[in-house]
Amino acid sequence: MEYRYRDASEMKDSGVEWIGNIPKDWTISRIDKEFNVRNEKVSDKVYPPLSVTKQGILPQLDNVAKSDNGDNRKKVCVGDFVINSRADRKGSCGVSIYNGSVSLICNVLTPKRLHPQYVHSLFRNYYFSEEFYRWGSGIVDDLWSTNIEKMKKINIPIPMDKEDEKIANFLDKKTSQFDSIISKKEVLIEKLEEAKKSLISEVVTGKVKVVKTADGYDLVKRSSDEMKDSGVEWLGEIPKNWEVNKFKYVAYNTNSKVKTNSVDNYIGLENVESKTGKLLSYGSSKDIESDMSTYFDCNSVLFGKLRPYLAKCIVTETTGICSDEFLVLKSKKLLSTVLKYIMLDAYFIDLVNSSTYGAKMPRVNWDFISNMKIPVMDMEEQLLIKNFIDDRKTKIDTIINKTKLQIEKLKEAKQSLISEAVTGKIEVLN
């Protein structure tokens, strides 16, 4: 389906800031003129529970926490538009393709004449989302909401001559094309991440050998004659010239405390990216209530004790303080970066995770990790391993970051096209 941008002579001011200019033959109307409000109370035993998400209206998953008030929900029919009224759920809305029920905090509307898929695109575009938020009231985001009476007063554009149906069909095709490209790029990122993890695992467990070349580094698969049984299940075979030591003989847990206000840099679990060994940002020590905090110095290895399956592990580049949910480790026999890569190995993480205690907030303790056995190699090989992984990881991460940027641009282009279509800035030609 083709389209063109309308020129200025074909447009008029809508008089509504979030809409801007619209075609001269379009009109503006209030939501209460174009929709009926559905307020029928039902039970989720009769009408299956639906979730209102940023991906649209979906059947509620079995593992989602259920409300104790399942007999007091709003009915939803196929073709109804549903939006979560709370600001902390901004963008959670869509036209339902299911009959079911939703929470009472949702607004449920039935279009009188507009095509449901046009409504779906109109109300899910960024500018309407901001307008909907503007009509709300409350104290903070999780209490700020836009009730149905306020929502009914919002002005929306009304296409002429069934143009809403043409727009709906056009956007269905175009957004599917965008989504297909985005999906392929997301799969590429997943494959690159897996390749990176596999590569690091093979190197730090000695399955392949790093060799220096004129152009940089290369990998050579070790022969069976070069390997021996490590006696450690998660490691398997290792090179004959490597050793296996208990963790506590390779690194120690510092467990040092300082006054919270004496150090600037703070690292919480939320500041460390899962499974990548990357620090996202420093947090603020001003939010810490305790007078004393866990201290780390430069070149320490921080490993998250809480939910260790998240694999939050970094090497510090400065001094600072961190959450008590980190082990602060100083390496004695391994380069800190090599120790970090060993601790990020999927098999290491799986073993650590199998030892956790606490059902809701699983943690690992130092006693378990301290007695785990890990590989130790000579310093020359450690340097080769560090330099190779750093180099290869940088190259892979560069591709990943470029792909992520492409995805963001595609998403922006998709949202821009939707916004321009539903407000008439573009005309669908066929």
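## Strands S24 and S27

Two strands count as paired if DSSP finds at least two bridges between them. In this predicted model, strand S24 (residues 301–304) and strand S27 (residues 326–331) are joined by four bridges and run antiparallel. One place to look is valine 301, whose bridge partner in S27 is leucine 329.

## The four-stranded sheet

S24 and S27 belong to an open sheet of four strands, ordered S20-S27-S24-S25 with antiparallel pairing. Strand S20 (251–253) and strand S25 (313–315) are at its edges; each has a single partner strand, so one side of each has no neighbour in the sheet. From one strand to the next, the twist averages 25 degrees.

Helix H7 (residues 336–344) lies across S20, S24, S25 and S27, and runs at about 175 degrees to S25.

## Helices H5 and H10

Two packed helices are described by the angle between their axes and the distance between the axes. Here the pair is helix H5 (residues 163–204) and helix H10 (residues 379–422), which pack at an angle of about 170 degrees with their axes 10 Å apart. Because angles over 145 degrees count as roughly antiparallel, H5 is roughly antiparallel to H10. Sorted by class, the contact of H5 with H10 has 26 nonpolar, three polar and 12 charged residues.

How do the lengths compare with expectation? With 42 residues at 1.5 Å a residue, H5 should span 62 Å, and its end C-alpha atoms are 61 Å apart, which agrees. H10, with 44 residues, reaches 63 Å from its first C-alpha to its last, close to the expected 64 Å.

## Where the helices start and stop

At the start of H10, a side-chain oxygen of aspartate 378 comes to within 3.2 Å of the backbone nitrogen of glutamate 380. After H10 comes glycine 424, with a positive phi near 80 degrees.

What follows H5? Glycine 206 does, and its phi is positive, near 80 degrees.

## The S15–S16 hairpin

S15 and S16 form a hairpin, with two residues between them.

Key:
Residues are numbered from 1 along each chain as its sequence is written. This is a predicted model: local features need pLDDT of at least 70, side-chain atom pairs count only at pLDDT 80 or more; totals for chains, interfaces and linings use all residues. Side-chain values use heavy atoms; hydrogens and water are left out. Axes are lines fitted to C-alpha atoms, for helices over the stretch in contact, and angles run from 0 to 180 degrees between N-to-C directions. Angles under 35 degrees count as roughly parallel, over 145 as roughly antiparallel, 65 to 115 as roughly perpendicular and the rest as oblique. Ala, Val, Leu, Ile, Met, Phe, Trp, Tyr, Cys and Pro count as nonpolar, Asp, Glu, Lys and Arg as charged, and the others, Gly among them, as polar. Contact means heavy atoms within 4.5 Å. The expected span of a helix is 1.5 Å times one less than its number of residues. A polar contact is a pair of N or O atoms within 3.5 Å; within protein, one must be able to donate a hydrogen and the other to accept it, and residues adjacent in sequence count only if both atoms are side-chain atoms.
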